[in-house]
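Follow the stops in order.

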2 protein chains.
Amino acid sequence: MAVTDEAIEKIKAMIVSGALHAGDRLPKEADLAAELGLSRSSLREAVRALSLVNILDVRRGDGTYVTSLEPAVLLEALSFIVDFHKDATVLEFLQVRRILEPAATAMAAKRITEEQIAGLGRLLDGLGKQPEVEDLVANDLEFHRRIAACSGNSVLCSLLETLSAPTTRARVWRGLTQEGAKERTLDEHRAILDALASRDPEVARSWATVHIASVEQWLASVL
Amino acid sequence: MAVTDEAIEKIKAMIVSGALHAGDRLPKEADLAAELGLSRSSLREAVRALSLVNILDVRRGDGTYVTSLEPAVLLEALSFIVDFHKDATVLEFLQVRRILEPAATAMAAKRITEEQIAGLGRLLDGLGKQPEVEDLVANDLEFHRRIAACSGNSVLCSLLETLSAPTTRARVWRGLTQEGAKERTLDEHRAILDALASRDPEVARSWATVHIASVEQWLASVL
DNA sequence: TGGGGGTAAACGTCGGACCTATCGGCGAGG
DNA sequence: CCTCGCCGATAGGTCCGACGTTTACCCCCA
């Protein structure tokens, strides 16, 4: 195994074992390189790799730190990976989202507060009757993001965030080409919000399923 | 933005845009560095980062290649990230798995072949009446892995693979400490297989839910 | 035709030199 | 006494050149 790979493993081990905690500062590159027994160049490759996946946070002129290591931070790196997938696999991502989103929405129905419900209402109201497609999709993303946050599960929340991104383009496309798609989206959002306000998990789940299935079916039909 | 980060973005752009296809070989480091306008050292950091997430495959003495970019390959990098999560978040992962696994099992019930059913049967039979905990958990993982593969969704399959790993330790622990856990697991596996053999998605889904919920409840109770 | 050796190409590692952003102390000024 | 701004120490950012190590592949010989 290459020394750089060893360094990656060693740094990982230091974090997992607890020798390094979230937020801790690493020794400066020269010292850490000496400590791990490799050159600064090779160590830098290891650090760069770990910073790409948000394990380390490198601050020029300051030092290198361990990130908070929260699921939201680490899973954020997933979006980088997802960007490489071809359109052909978008349908697979959407299928997974169709599984997770209804579940998250149902979970949210049991935990959502009055304040959060009101916030969602204002979010939907903020959009006019005939919004631009880009605004609608942005509003769509935010709507579902907030609901996922109410699920109380940060892993679920991050996964949905990641899975939603690659389907954004597809949704914009749909809004532009499919007759009535915009109105349908607005109506379904309102229905989901009503279900949440009623604290009705099953209705919320069903509307979320219908909502995503409509995108999925459309996408499957045009691919 | 640092030149290395630019290089990462440029290489990513080359792949996403189609200038580089899956399996393609990159120019040698010296040439690519010149092409992108940076030094070989900095370029190597970019390449190392991309190889950590399985975008590039560096073969010493040969060259650097773009991987197949299949979901299974790219999502495999997720396990590296998941390794950094603390035990406290294992429950969140398990919750997500409890959402995905039943769905995958239900999907599998509709697509599974006679041959695959027979294979699962042999897998379960391969374990004795009183297996070692480690063998049981390994068998458990393989059982669910094969079922997920039958779902036909590689993204779903990879995600489950990743989510299952961090809960492995917990399951071993449970097998060692909870009375009757081993027998219960074996019985539930058999029930899931029966449901699959009957091509009954809803029964399969329910058994999968029960199966994972039992682990989840136990884990929640001991944490 | 098949195997073995050799060579060239490519990645791996190292050390050092120099640039640059950042932080924090210190002193001048209000 | 407090505040603002300068400045030096520190740490990461980049580059260069050299050499080691592995691998693929071609050529030669049996």
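The helices and strands named on this tour are DSSP runs, numbered from the N terminus: a helix has at least four residues, a strand at least two. Keep in mind that this is a predicted model.

**Stop 1: a loop in chain A**

Select A:Asn54. Where is this residue? A:Asn54 sits in the loop between α3 and β1 (56-59) of chain A. Check its backbone angles. The phi of A:Asn54 is positive, about 60°, although this residue is not a glycine. Is A:Asn54 buried or exposed? A residue counts as buried if 20 or more other C-beta atoms lie within 10 Å of its own. A:Asn54 has 21 other C-beta atoms within 10 Å, so it is buried.

**Stop 2: a loop in chain B**

Now select B:Leu69. This residue belongs to the loop between β2 and α4 of chain B. B:Leu69 is not a glycine, yet its phi is positive, at about 65°. With 20 other C-beta atoms within 10 Å, B:Leu69 is buried.

**Stop 3: DNA strand C**

Show DNA strand C and the 19 residues around it. Which of them come nearest? They are A:Ala2, A:Val3, A:Leu38, A:Gly61 and B:Lys28. Next, color the elements that give two or more residues to this surface: α1 (3-17) and α3 (40-52) of chain A, with α3 (40-52) and β2 (63-66) of chain B. The surface near DNA strand C has 9 polar, 6 charged and 4 nonpolar residues.

**Stop 4: DNA strand D**

Move to DNA strand D. It is surrounded by 19 residues. Pick out the closest: A:Lys28, B:Ala2, B:Val3, B:Ser39 and B:Gly61. Two or more residues of this surface come from each of α3 and β2 (63-66) of chain A, and from each of α1 and α3 of chain B. By class, the surface near DNA strand D divides into 6 charged, 9 polar and 4 nonpolar residues.

**Stop 5: where the chains meet**

How values were computed. Residues are numbered from 1 along each chain as its sequence is written. Chains are lettered from A and ligands numbered from 1 in the order in which they are written. This is a predicted model: local features need pLDDT of at least 70, side-chain atom pairs count only at pLDDT 80 or more; totals for chains, interfaces and linings use all residues. A residue is near a molecule or strand if its C-beta atom, placed from the backbone, lies within 6 Å of it. Ala, Val, Leu, Ile, Met, Phe, Trp, Tyr, Cys and Pro count as nonpolar, Asp, Glu, Lys and Arg as charged, and the others, Gly among them, as polar. A residue is buried if 20 or more other C-beta atoms lie within 10 Å of its own, exposed if 12 or fewer, and partly exposed in between; C-beta atoms are placed from the backbone.
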